[in-house]
Amino acid sequence: MRKHFTLIELLVVIAIIAILAAMLLPALNSAREKARTIKCTGNFGQLSKAFALYSDDNQEFAVPYRNGIQHSQSNKDWYSVDSRAAIWPYLGYVPLASGTTTDTYYIGAYRRTYSGIVSTNPLTCPSRKFSSLGLTTTVYSLGLNQVLWYNNVYKLGTVARPSRSSYLLESTYQVPYSSWEDISTTTNSVAFPHSNPGFREQDSLPTGTLVNRPGKCNAFFFDFHVEAVDRPKIPNNLKPGSDAKYSSFWRPWKHDSDPDTAAKWNDNW
C-alpha cells in the first residue's frame, strides 16, 4: 500500500486549490462590497428619519446648513456633534462638549492623527477610501444640498417635487455640502464610491468626457426615500446645454432667494 503522495500529485492538488480560490475571489469581493453598500444605505435611512424628526420639531422647515450667515454668527449646523448639533440628537446620540475631538467630531467624518491613529464616525460609509489621501486631519463624507443655506430654507410642504429633489448626498472630503456649481472639482463635488471599481477619493470631473464614468452616489430626497443615483443622472454644469443649477434635483423650491429660479426651474434630469 502506498503511504505517500508523489510530488506531481501534490502539485496537482495545489494547482486545483489555486484555481478554485481564483474563481471564488471575485465573488467574495463582490459580496464584501455589497455588504458595505447595504451599510451605507442603512446610514442614509437613519439620517433621513433624523431629518424628518428635526422638521417635525421645527414647524416643518427643512434642515439648514447652518442658522447664521457666518460660522461665528451661528449656534447650530447640520453636521456637528457637539453643542452646535442640529441633527445628531435625532440620531439618538448625546451632543459632546464643545471642542471635543473624537471619532465622532462630524457626522460621517474620518479622522487620522499625525501618529497614524484612524477613527471614523458611526455613519461613515465603509466603501470610502480616505486612507489613500494620506491626510492627517478630519474630513467629511456627506454633503447637504448647497441650496439649503441659512436664508434659503422653506417648509417641506412647499417643495415642488419631493421625490426628485436631493436633500443629502455622498460628497468629497473638504466640505459638508454638495453642489451643481463645482461638480467639476473636488471642493464640493458629489462622490461616487459604489459600483465603481476604480473609485478614488481624490477623483474629480475635470472634463465633460468623464461625466459618464461608472459609479453611484447614495442620497436621500425630500420625500425621505433613499436612492443610489447613477453618476450620469445627476445634473451638473459640464453637460452641454444643461442648466443644472435650476434643475429639480438641486432646487427643491420653484421660488427661493435666487430671483432667476422661478423662470428657470426645470424637472428635466
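**Strands, sheets and the interior**

Mentor: In strand 2, Thr120 is the bridge partner of Tyr110. This is a predicted model, in which local features need pLDDT of at least 70 and side-chain atom pairs count only at pLDDT 80 or more, while totals for chains, interfaces and linings use all residues. Residues are numbered from 1 along each chain as its sequence is written, and side-chain values use heavy atoms, with hydrogens and water left out.

Tyr110 and Thr120 belong to the pairing of strand 1 (residues 110–112) with strand 2, which run antiparallel and are joined by three bridges. Helices (H or I, at least four residues) and strands (E, at least two) are DSSP runs, numbered from the N terminus; two strands pair if DSSP finds at least two bridges between them. The open sheet here has three strands in the order 2-1-3, paired antiparallel. Strand 2 (118–120) and strand 3 (138–139) are its edges; each has a single partner strand, so one side of each is left without a neighbour in the sheet.

Another open sheet has five strands, ordered 6-4-5-7-8, with mixed pairing. Its edges are strand 6 (177–178) and strand 8 (226–230), and each has a single partner strand, so one side of each lacks a neighbour in the sheet. Strand 7 (residues 216–221) runs antiparallel to strand 8, with five bridges between them; Lys216 stands opposite Asp230 of strand 8.

Turning to the interior, a nonpolar core is a set of buried Ala, Val, Leu, Ile, Met, Phe, Trp, Tyr and Cys residues joined through side-chain atoms within 4.5 Å. Buried means under 20% relative accessible area (1.4 Å probe, protein chains only). The largest such core has 37 residues, and Phe51, Trp78 and Leu168 are among those with the most contacts inside it. Helix 1 (7–57), strand 4 (142–145) and strand 5 (166–170) each give two or more residues to this core, and helix 1 supplies the largest share, six residues. Leaving aside neighbours within four places in sequence, Trp78 is in contact (heavy atoms within 4.5 Å) with residues including Phe51, Ile107, Leu144 and Leu168. A second, separate core of 13 residues includes Trp180, Phe192, Cys217 and Ala244.

Finally, His194 lies in the loop between strand 6 and strand 7, and is buried at a relative accessible area of 2%. Not counting residues up to four places away in sequence, His194 touches residues including Glu33, Glu170, Lys216 and Asn218. The His194 side chain makes a polar contact with that of Asn218 (3.3 Å); such a contact is a pair of N or O atoms within 3.5 Å, where, within protein, one must be able to donate a hydrogen and the other to accept it, and residues adjacent in sequence count only if both atoms are side-chain atoms.

Key
Buried means under 20% relative accessible area, exposed over 50%, partly exposed in between (1.4 Å probe, protein chains only).
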